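Let's take a friendly walk through the charged side-chain pairs here. The sequence and structure come first, and the notes follow.

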Amino acid sequence: RQRQMCIRDSAKTREFLGERGIPYTERDIEKSPEARRAYDALGGRGVPVLQVNGTVIHGYNPQGILAAY
């Protein structure tokens with residue numbers, strides 16, 4: 001169930017960013033050791049984890065994204 005929530009939240013975040021034309025880089029922490037290290041360094045505890053202009057955002061948080069952008 002947790003994995004399903006994470007996938008859904010990631011998809012919602014991608015959609016949110018795309019609809020607003022906000023550029024982003026997606027990294028797969030299961031396939032890339034470098035991405036996993038970055039995730040861990042940001043205090044990752046689920047996905048998505050975003051870093052927007054120095055602000056770390058955990059989970060689907062449209063208000064947080066807009067405030068940091």
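## Glu19 and Arg20

Arg20 is partly exposed, at 43% relative accessibility. In this predicted model, the side chain of Arg20 meets that of Glu19 in a salt bridge, with 3.3 Å from N to O. Glu19 is exposed, and its relative accessible area is 55%.

That pair belongs to a set: the structure holds 3 salt bridges. As background, side chains of opposite charge can pair when their charged atoms come close.

## Arg14 and Glu26

Which residue forms a salt bridge with Arg14? The partner is Glu26, and the closest N and O atoms of the two are 2.8 Å apart.

As for accessibility, Arg14 is partly exposed, with a relative accessible area of 32%. Glu26 counts as exposed because its relative accessibility, 52%, is over the 50% cut-off.

## Arg36 and Asp40

Now to helix α2, where Arg36 and Asp40 both lie, 4 residues apart, or about one turn of the helix. The two form a salt bridge, and their closest N and O atoms are 3.3 Å apart.

Are these two side chains buried, exposed or partly exposed? Arg36 is partly exposed, at 37% relative accessible area, and Asp40 is also partly exposed, at 43%.

Notes. Residues numbered from 1 in each chain as written. Predicted model: local features only at pLDDT ≥ 70, side-chain atom pairs only at ≥ 80, totals over all residues. Heavy atoms only, no water. Salt bridge = Lys/Arg side-chain N within 4 Å of Asp/Glu carboxyl O. Buried < 20%, exposed > 50% of the residue type's maximum accessible area, 1.4 Å probe, protein only. Helix = DSSP H or I, 4+ residues; strand = E, 2+ residues; numbered from the N terminus.
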